[in-house]
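Please examine the sequence and the structure before reading the solutions.

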Amino acid sequence: MPLGLIALAIGGFGIGLTEFVIMGLLPEVAADFGVTEAAAGWLISGYALAVVVGALGLTAATTRLPRKPVLAGLLVLFIAGNAISAMAPTYELMMTGRVIAALCHGAFFGIGSVVAAGLVAPEKAAGAIAIMFTGLTAANVLGVPFGTFLGQEFGWRSTFWAISAIGVIALIGIATLVPNLRTDGPAPSLRRELTAFRSGQVWLSLAVTVLGFGGMFGAFTYIAYTLTEVSGFASSAVPWLLVLFGAGLVVGNWIGGRLADRSIDGTLLGFISALLVVLVLFAWLAPNPVATVVLLTAMGGFGFGTVPALQSRVMRFAEGAPTLASGANIAAFNLGNALGAWTGGLTIAAGLGYTSPIWVGAIITAVALAVMVVAAVTARRLPRADASGPVLLDTGSTAATAA
């Protein structure tokens, strides 16, 4: 395994940690700044919106630049944003730090996916992308519980200083372990990258990403209420149950990456179908604690198991201009998160109960499956018809030179 993938995974770990750990520290942050919980919640929403902007804007702005220096620059931005958050004397400055850190999120994973694919042979590209995203899943399993504990014991600012330190480690890793990749094709340009969006398959892939993740996060956003109010677990058990969910993410990401190297569309059809079944069963069996534990873990596994295949698919049909399309897919993940959270919140506000977001998630996932079927069928009619094979990208995978 190329050591550069480890550096990318460390970067993904830090970025995943700064995105999710705030959820466990909102009471402390709100109390420190003297704001309401709803206002503190904007530190999450503002981050997500900034991810979308950065995924598209920064990726487009850096199209002509070498990818390794861009990744290093994004990590500098990440370190600065988290350091500002750690030192912020006011809520407004804390929000500024969150936005600055978030701007690097989408561009890092979008460009990083292309770099990861270029570090290995084409038939191993999806697995390489999965390794990079392992950092993001590990942040949920290990980083968030530890970061929450650190913040509760030593103050929430200590957590953001720790995240900044992780960013420094990732920056050193990128600088020393990731090779410079050169391509033998035309020089990258924004106009060339925009040609990727002429492909109907790229748009179908983005739609599946929004809907697939929207379904899972529709169920997951309000899962704490489901676990305590429906399944009967104590509040103290929720963090440990979320560790099981995170473990499902890790396993699903690994298996999904390996299967996607064999068949991208087959993996997506299988995992999205399985996620739909899991969500229906979860909504039905949520009052049963044992079933809840099993289905919560399975939801994480099948939900995140689609990530390597989704990222690989949009890069494949972007042809030789994958970078901006890859960043757009990261934006699509976050749009899906927002869609799921919004629709789930509507059902709770309507008084439909704490299993209603799971039913909404199942409905959104069913639509995702329908779109994926259309994408798979129409892809087979194309002259290349190669969505089931390895990712073939102009990433310079055969022309990598050590930095």
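A salt bridge is a side-chain nitrogen of Lys or Arg within 4 Å of a carboxyl oxygen of Asp or Glu. The model is predicted, so that local features need pLDDT of at least 70 and side-chain atom pairs count only at pLDDT 80 or more, while totals for chains, interfaces and linings use all residues. Residues are numbered from 1 along each chain as its sequence is written, and side-chain values use heavy atoms, with hydrogens and water left out.

**Exercise 1. Salt bridges**

Solution. 
1. In one of them, the side chains of arginine 157 and aspartate 32 meet at 3.4 Å, N to O. Helices here are DSSP runs (H or I, at least four residues), numbered from the N terminus. Arginine 157 belongs to helix α7 and aspartate 32 to helix α2 (residues 22-33), and the pair links distant parts of the chain, 125 residues apart.
2. Accessibility is classed as buried (under 20% relative accessible area), exposed (over 50%) or partly exposed (in between), with a 1.4 Å probe and protein chains only. Arginine 157 counts as partly exposed because its relative accessibility is 24%; aspartate 32, at 43%, is also partly exposed.
3. Arginine 313 and aspartate 265 form a salt bridge at 2.6 Å, N to O. Arginine 313 lies in helix α14 (residues 307-317) and aspartate 265 in helix α12, so this pair ties together parts 48 residues apart in sequence. Both arginine 313 and aspartate 265 are buried.

**Exercise 2. Aromatic pairs**

State how many aromatic pairs the structure holds, and describe examples.

Solution. 
1. Rings of Phe, Tyr and Trp (its six-membered ring) pair if their centres lie within 6.5 Å; planes under 30 degrees apart count as stacked, over 60 as edge-to-face and the rest as tilted.
2. The structure holds six aromatic pairs. Among them, tryptophan 156 and phenylalanine 160 are edge-to-face, with 5.9 Å centre to centre and 85 degrees between the planes.
3. Tryptophan 156 and phenylalanine 160 both lie in helix α7 (residues 156-177), four residues apart, about one turn of the helix. Tryptophan 156 counts as buried because its relative accessibility is 4%, and phenylalanine 160 is buried at 0%.
4. Phenylalanine 271 and phenylalanine 302 form an edge-to-face pair, 5.7 Å centre to centre with 70 degrees between the planes. Phenylalanine 271 lies in helix α12 and phenylalanine 302 in helix α13 (residues 289-304), so the pair ties together parts 31 residues apart in sequence.
5. Phenylalanine 271 is buried at 11% relative accessibility, whereas phenylalanine 302 is partly exposed at 29%.
6. Phe33, Trp156 and Phe160 form one aromatic cluster.

**Exercise 3. The nonpolar core**

Identify the residues with the most contacts inside the largest nonpolar core.

Solution. 
1. A nonpolar core is a set of buried Ala, Val, Leu, Ile, Met, Phe, Trp, Tyr and Cys residues joined through side-chain atoms within 4.5 Å.
2. The largest such core has 108 residues, and those with the most contacts inside it are Leu8, Met94, Phe133, Phe282, Leu296 and Met299.
3. Helix α5 (residues 91-118) contributes the largest share of this core, 13 residues.
4. The core draws at least three residues from each of domain 1 (1-178) and domain 2 (196-381); the domain bounds come from an automatic or database domain assignment.

Conventions
Helix = DSSP H or I, 4+ residues; strand = E, 2+ residues; numbered from the N terminus.
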